Amino acid sequence: MRPKIKRHICADNCAKFSLFKPNGIPASELVKIQIEADEFEALRLVDSEGFSQQDGAQQMGVSRQTFANILKNSRRKISTALLNGYALVLPKKSAPSNE
């Protein structure tokens, strides 16, 4: 497996909570799906900030194809959690930037 390159991730936009889960079910009873910091950042850039994939890739310092793969994985994880009633474990702190 190729080593992961460092990605530029905005430290100010981490999730305010570490877990998102269905109401009324204890977290200890749920399957948990981890959203990585780069996946969370890609979602934020495209779905919240309105960036294109090309602009989001430049912002994170990765290729457009890598960015598209990160975004696809994050959306797959979120849809799997929502459709199956799993818990989403969100990143508390962003990864160190490449600066």
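Keep in mind that the model is predicted. Overall layout to start. The protein has 3 helices and 3 strands. Reading from the N terminus, the order is β-β-α-α-α-β. Of its 99 residues, 32% are buried. Now take contacts with a separation of 6 or more: 77% of them join residues 24 or more positions apart.

Next, the helix pair. Helix 1 covers residues 37-48, and helix 3 covers residues 64-84. Their axes come within 8 Å and cross at roughly 95 degrees. An angle from 65 to 115 degrees counts as roughly perpendicular, so helix 1 is roughly perpendicular to helix 3. Who makes the contact? On helix 1, the residues include Asp38, Glu39, Ala42 and Leu43. On helix 3, Phe67, Ile70, Leu71 and Arg75 are among them. By type, the residues of this contact split into 8 nonpolar, 2 polar and 5 charged.

On to the cores. In soluble globular proteins, nonpolar side chains tend to be buried together. Here, the largest nonpolar core has 10 residues. Its members include Leu45, Val46, Ala57, Met60 and Val62. Helix 1, helix 2 (53-60) and helix 3 each give two or more residues to this core. Which element gives the largest share? Helix 1, with 4 residues.

There is also a second, separate core of 5 residues. Ile33, Ile35, Ala81 and Leu88 are among them.

Note on methods. Residues numbered from 1 in each chain as written. Predicted model: local features only at pLDDT ≥ 70, side-chain atom pairs only at ≥ 80, totals over all residues. Heavy atoms only, no water. Axes fitted to C-alpha atoms, helices over the stretch in contact; angles between N-to-C directions. Parallel < 35°, antiparallel > 145°, perpendicular 65-115°, else oblique. Contact = heavy atoms within 4.5 Å. Nonpolar A, V, L, I, M, F, W, Y, C, P; charged D, E, K, R; others polar. Core = buried A, V, L, I, M, F, W, Y, C linked by side-chain atoms within 4.5 Å. Buried < 20%, exposed > 50% of the residue type's maximum accessible area, 1.4 Å probe, protein only.
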